[in-house]
Amino acid sequence: MWADFTALCDLGGRLAGSPSETAALARARERLADVPGGLVHDYAVDYPGWRCHAARLIGPDGGALACTPLLGTASTAGTSAPVLDLDRGRPEDFERHARDIAGRIVMVRHEYPFAAGHVHRRVKLGLAQRMGAAGFLIAHSEPGIGPVSGSSGRDGGGGIPALGISAEAAAALRAPADGALPTAQIVIAADDVAAQTHMLVLDLPGREPDWIVVSAHLDGHPLGESAIDNGTGVAVAVALARSLAPRLADCPRGLRICVTSAEEWGLVGSRLWLDRMDESARRRMVLNVNLDSVGGASELTALTSGLTRLDAWVKDTAARANLPLATHLPLMPNSDHANFAAHGIPALRLIAGFNAPDSNLRFLLTAADTRDKVSANELAHALHITTKLTWQALTEPEHTMRSLAARAPD
Ligand SMILES: [Zn+2]
C-alpha cells in the first residue's frame, strides 16, 4: 500500500488532462488488473476540459505575485481593477459590501474545508460573479506554502477570471490605512477544450448481482504531489481489493472498486459516468464508500450525506467493531460520494482531519500536499476502518442494505 502511495506521488500532481494523470491512470489500471479474480473495465468519459498557458497577477508596485489559476477559470487579456478585501468572504461579508463589488477584484480567504460551517470556494466565487466583480482572488491563510488551488466550477460556461494566491500575495494587496484600494492586474491565457478521462472499475463478484462500491479519485492539482488528496484514497482502495479478493466468492454481494478522475473539476468525472449509466445498473450499487483524503491526520470521520439510517448503520458498525470513527450527517457535496447520493445510492465519504484545522489536511490544494504529510500508520488505520465497514456491508442481510437510503428517522 505504501509503495502504491509513493508511486502515485512520484508521478506528480495528476491534474486531469495532464501527462501526469495519464501516467497515473496507466499505473492504477495495472495495479487493479493484478488483483486475482477481478475484471477491470475502463470507461472513457468526455468532459469539458481546459488548458492554461499563462496566468499572472501583477501587484500595485508592478511586481508579480504568487498565484495559480483556479481550474477552468475564465480568461482575460488583462483585467486591472482596485482590489476589495472581503476578509473570509462569507455571504454576510458580500452583503455588507454589496455596493462596492461591481467592477472590482474581490479578494477572500480559503477556509479549512473540512469543518462544519465552512463556506466553499465556489459559493464565494459565485457571489462575486453575481454581484458584478471583475475578478476573484482566494488566498491561503498560511505563509510559506504558496498559492492555494481549486476548481472554478465554470465547466466552459460564463465566468470571471479567478486565481488562487498565497498569504504573502494577499498581504501585498491589503489596502493601506488611508483607505485607497490597491490596484492589481490579472492576466489569464487559457482555452476550453474537449477532454476525455477514464473511470477504472474493478469488479470482484459475490454470489448475487449487487455491489458495494469503494471509490477514490486519482486526479489532483498541478502543485505538489496531491499526496493526501488523494494518493491516500487510491492506495487504500487498491489495498482493500487485494485483501478482500480471496473472500468475496462467498459474500452475498460483490466489491466494486472505482478509481475516478476529473473529481477536482467540480466532481464532473463520476457525475457524467453515473448519469450515463443505465438505471438498472445504478440500482445494483447499494452502497458507496468514497475514500478521499484518508491520511494526514489520525482520526477518520464518515460524512453520511444526510442519510439518517446510513449514519446510524456506520455508528453501529463502528461501535460493534470498536472502531474510532466519528460521523457527520449533513450532506457535504465535496467529493464523488455526492454524485452517488444524487442518484439515491447510499453514499458516504471517509475523510481524515474533520474539524481538525491544525492537521496536515490544511495543506490540501497547495504545493505542500506531499508524501511527508502522511504516515504509514495513518494509511494502515484507514485501511483497517475501510475493511471493517466494507466487510459489514458485503455480508449484511439484504433488507438492512436496502434500508440505508432512507432519510427520515426511525
Ligand atoms: Zn479530494
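A residue is called buried here when its relative accessible area is under 20%. Asparagine 230, at 0%, is therefore buried. The views below show a predicted model.

View 1. Asparagine 230 belongs to helix α6, residues 227-244. A polar atom of the asparagine 230 side chain lies 3.1 Å from the backbone oxygen of histidine 217, and a polar atom of that side chain lies 3.0 Å from the backbone nitrogen of glycine 233. With neighbours within four places in sequence left aside, the contacts of asparagine 230 are Arg14, Ala216, His217, Leu291, Asp292 and Ser293. The peptide bond between aspartate 229 and asparagine 230 is cis, with omega about 15 degrees. Most peptide bonds are trans. Isoleucine 165, 65 residues away along the chain, has its C-alpha atom 22 Å from that of asparagine 230.

View 2. For four tetrahedral donors the ideal angle is 109.5 degrees. Because histidine 217 lies in strand β9 (residues 211-217) and aspartate 292 in the loop between β11 and β12 (300-303), the pair ties together parts that are 75 residues apart in sequence. Histidine 217 is buried, with a relative accessible area of 0%, and aspartate 292 is buried at 2%.

**View 3. Arginine 349 beside aspartate 292.** Strand β14 (residues 347-352) contains arginine 349. The relative accessible area of arginine 349 is 1%, so this residue is buried. Its side chain reaches the backbone oxygen of aspartate 292 at 3.1 Å. Beyond four places in sequence, arginine 349 is in contact with Phe114, Asn290, Asp292, Ser293, Thr301, Ala302, Leu303, Asn334, Ser335 and His337.

**View 4. Strand β4 and its two partner strands.** Strand β4 (residues 76-85) runs antiparallel to strand β8 (residues 183-204), and five bridges join the two. Serine 80 has glutamine 185 of β8 as its bridge partner. With strand β5 (residues 105-109), β4 pairs in the parallel sense over three bridges.

**View 5. Nonpolar cores.** The largest nonpolar core has 86 residues, of which Val106, Phe136, Leu255, Ile257, Leu291, Leu325 and Leu350 touch the most other members. Helix α6 gives the largest share of this core, 11 residues. A second, separate core of 41 residues includes Cys67, Val201, Trp265 and Leu272. Apart from residues up to four places away in sequence, leucine 325 touches Leu300, Thr301, Ala302, Val314, Ala318, Leu350, Ile385 and Leu389.

**View 6. Helix α7 and the elements packed around it.** Of the eight residues of helix α7 (residues 268-275), six are buried, and the helix is mostly covered. The buried residues are Val268, Gly269, Ser270, Leu272, Trp273 and Leu274. They pack against β1 (39-58), β8, β10 (254-260), α8 (279-283), β11 (285-291) and α10 (337-342).

View 7. Leucine 379 is part of helix α11, residues 376-395. With a relative accessible area of 1%, leucine 379 is buried. Phenylalanine 5 is 374 residues from leucine 379 in sequence, yet the two C-alpha atoms are 9.2 Å apart. Not counting residues up to four places away in sequence, leucine 379 touches Met1, Trp2, Phe5, Thr232, Val236 and Val374.

**View 8. Two residues with positive phi.** Most residues other than glycine have a negative phi. Arginine 14, not a glycine, has a positive phi of about 60 degrees. Arginine 14 is in the loop between α1 (2-10) and α2 (19-33), and at 1% relative accessibility this arginine counts as buried. Aspartate 87 also has a positive phi, near 60 degrees. Aspartate 87 sits in the loop between β4 and α3 (91-96) and, at 46% relative accessibility, counts as partly exposed.

Terms used:
Residues are numbered from 1 along each chain as its sequence is written. This is a predicted model: local features need pLDDT of at least 70, side-chain atom pairs count only at pLDDT 80 or more; totals for chains, interfaces and linings use all residues. Side-chain values use heavy atoms; hydrogens and water are left out. Two strands pair if DSSP finds at least two bridges between them. Helices (H or I, at least four residues) and strands (E, at least two) are DSSP runs, numbered from the N terminus. Buried means under 20% relative accessible area, exposed over 50%, partly exposed in between (1.4 Å probe, protein chains only). Contact means heavy atoms within 4.5 Å. A polar contact is a pair of N or O atoms within 3.5 Å; within protein, one must be able to donate a hydrogen and the other to accept it, and residues adjacent in sequence count only if both atoms are side-chain atoms. A nonpolar core is a set of buried Ala, Val, Leu, Ile, Met, Phe, Trp, Tyr and Cys residues joined through side-chain atoms within 4.5 Å.
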